[in-house]
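Hi! Here is the structure I promised to pass on. Have a look at it first, and then read my notes below.

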Amino acid sequence: MDNRYFHPESQMMSFGYKPELSVGAIKCPIFQTSTFVFKSAEEGKAFFEVAYGQREKAPNEELGLIYSRLNNPDLQILEERLCLWDGADECAVFESGMSAISTVMLEFLRPGDVLLYSKPVYGGTDHFINKVLPEYGIKGIGFTNEESPEQIIQNIESLGLEKNLKMVYVETPANPTNALFDLEACRKIADHFATNEKDVVVCVDNTYMGPLWQHPLKHGADLVIYSATKYIGGHSDLIAGAVLGHSKYMKRVRTLRTFLGNMAGPWTGWLLMRSLETLKVRMTQQAENAVKVAEFLKNHSKVEKVYYLGHLEPGTSQHAIFKKQLFSAGAMLSFDIKGGEKEAFSFLNHLKLIKLAVSLGSTESLAEHPATMTHSDVSPEDKATIGITDKLIRISVGVEHYSDIIWDMEQALEKV
């Protein structure tokens, strides 16, 4: 049976790896090396020509190994496997999610350009857009999921910035509120402002859904970004990022990665390959647990509101987006506790099984307070607009037995 007919979860064990090249080792070794030996000077010349874009690869020619800042077997195999889930042409793995995000923005944006971005986004992304990019003359304009494409287009045109828009950056579901954005509508906005002289690139942060539950490239995105630390890594033992997408744009992303030098190392690549083998079983269990945890919270007297995709009301625009774009309600949820910071902190401080820590998507359940932690740097105005209040608590549901997660939440809520 040809490999291309196997499901991605079946191919995670061996795709892209040839045991005969590594003395028959069933798993890809860690290629802990900085540089690689050429068989001849002519081979070295040929490898560099392709690596630096001086010529295209010949038919059946493989990318030659040169130097681990450019390529390494652990990263190459990992990147090939990650492409399978999203149906991407190419992938580039980075040393962190923020290095993936910042590299993409720095590659496609120049002084005077405008970035249209969804709100809310991860706090680090918000900081980069609103505190770092303005230092380079790049302006960020935010929009919420309550604004129609027509309203967003009118806003850009009323500001006289239609010629400056170069990127639409979307995080959906949004961290930490689970707000959904219609990716096909975002594609239409980008196309409206694109011309023969300029592309408007659509980038989607898919970290909340991981490679399993949403595939943005199939809904009009050009690039997909992950904090691979989260579901892809899945064990809270590494930091990494990934960008996937169409070759036209990935060539530029990979080139800037080479010269910024923010690629992941072979050890991180090997750990991520290990994690990919269990990605589907981990994420499936987490999603199953989240259904029960969300139902418990929904019915608790000390909980004001639960932000969980499985509770979206049929007939609403958010539910319509959910049905169109997502395969699962996922394992991320937030809730408003009755009260404010005092009550939220009391709940967090009394947890026993669930860990009080930032990050998400790992095997252990995690809880945090977005307003004072992950999103503490978001402006007060934006916090008010997008619902990041003192009473909001974010939960990443892990793979523990669901009854133990619920027990822990119940006893912590009793202490409030």
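This is a predicted model: local features need pLDDT of at least 70, side-chain atom pairs count only at pLDDT 80 or more; totals for chains, interfaces and linings use all residues.

Start with helix α4 (residues 97–108) and helix α5 (residues 123–132), which pack at an angle of about 30° with their axes 10 Å apart. That angle makes α4 roughly parallel to α5. Residues are numbered from 1 along each chain as its sequence is written, and side-chain values use heavy atoms, with hydrogens and water left out.

A few terms, then. Helices (H or I, at least four residues) and strands (E, at least two) are DSSP runs, numbered from the N terminus. Axes are lines fitted to C-alpha atoms, for helices over the stretch in contact, and angles run from 0 to 180 degrees between N-to-C directions. Angles under 35 degrees count as roughly parallel, over 145 as roughly antiparallel, 65 to 115 as roughly perpendicular and the rest as oblique.

Back to the pair: α4 passes α5 in a right-handed crossing (a crossing is right-handed if the near helix is turned clockwise from the far one by less than a right angle, and left-handed if anticlockwise). Which residues make the contact (heavy atoms within 4.5 Å)? On the α4 side they are M98, I101, S102, M105 and L106, and on the α5 side G124, T125, F128 and I129. Sorted by class, this contact has 6 nonpolar, 3 polar and no charged residues. For the classes, Ala, Val, Leu, Ile, Met, Phe, Trp, Tyr, Cys and Pro count as nonpolar, Asp, Glu, Lys and Arg as charged, and the others, Gly among them, as polar.

Now try the next pair. Helix α6 (residues 149–158) and helix α7 (residues 183–193) pack at about 30°, with their axes 10 Å apart, and α6 and α7 are therefore roughly parallel to each other. Here α6 passes α7 in a right-handed crossing. From α6, P149, I152, I153, I156 and E157 meet A185, I189, H192 and F193 of α7. By class, that contact of α6 with α7 has 7 nonpolar, 1 polar and 1 charged residues. If you wonder about the spacing of such residues, an α-helix has 3.6 residues a turn, so residues three or four places apart point the same way.

Helix α14 (residues 341–349) is worth a click too. A344, S346, F347 and L348 are buried there (buried means under 20% relative accessible area, exposed over 50%, partly exposed in between, with a 1.4 Å probe and protein chains only). What do the buried residues of α14 pack against? They pack against β9 (332–337), β10 (355–356), β11 (366–368), β12 (392–396) and α16 (402–414).

E171 is found in strand β4 and is buried, with a relative accessible area of 4%. Leaving out residues up to four places away in sequence, E171 touches S118, P120, V121, Y122, F181 and D205.

The peptide bond from T172 to P173 is cis, with omega near -5°, and another cis bond joins N175 and P176, where omega is about 10°.

Most residues other than glycine have a negative phi, and most peptide bonds are trans. N60 has a positive phi of about 70° although it is not a glycine. You'll find N60 in the loop between α2 (41–51) and α3 (73–86), exposed at 80% relative accessible area. S236 has a positive phi of about 55°, and S236 is not a glycine either. S236 sits in the loop between α9 (229–233) and β7 (241–245) and counts as partly exposed, at 47% relative accessibility.

Last, how many disulfides (pairs of cysteine sulfur atoms within 2.5 Å) does a search of the whole structure find? The search finds 0. The sulfur of C91 is 5.2 Å from the closest cysteine sulfur, in C83, too far for a bond. For C28, the closest cysteine sulfur is in C91, 15 Å away, which is also too far. C28 is buried at 7%, and C91 is buried at 2%.

Technical notes:
Contact means heavy atoms within 4.5 Å. A disulfide is a pair of cysteine sulfur atoms within 2.5 Å.
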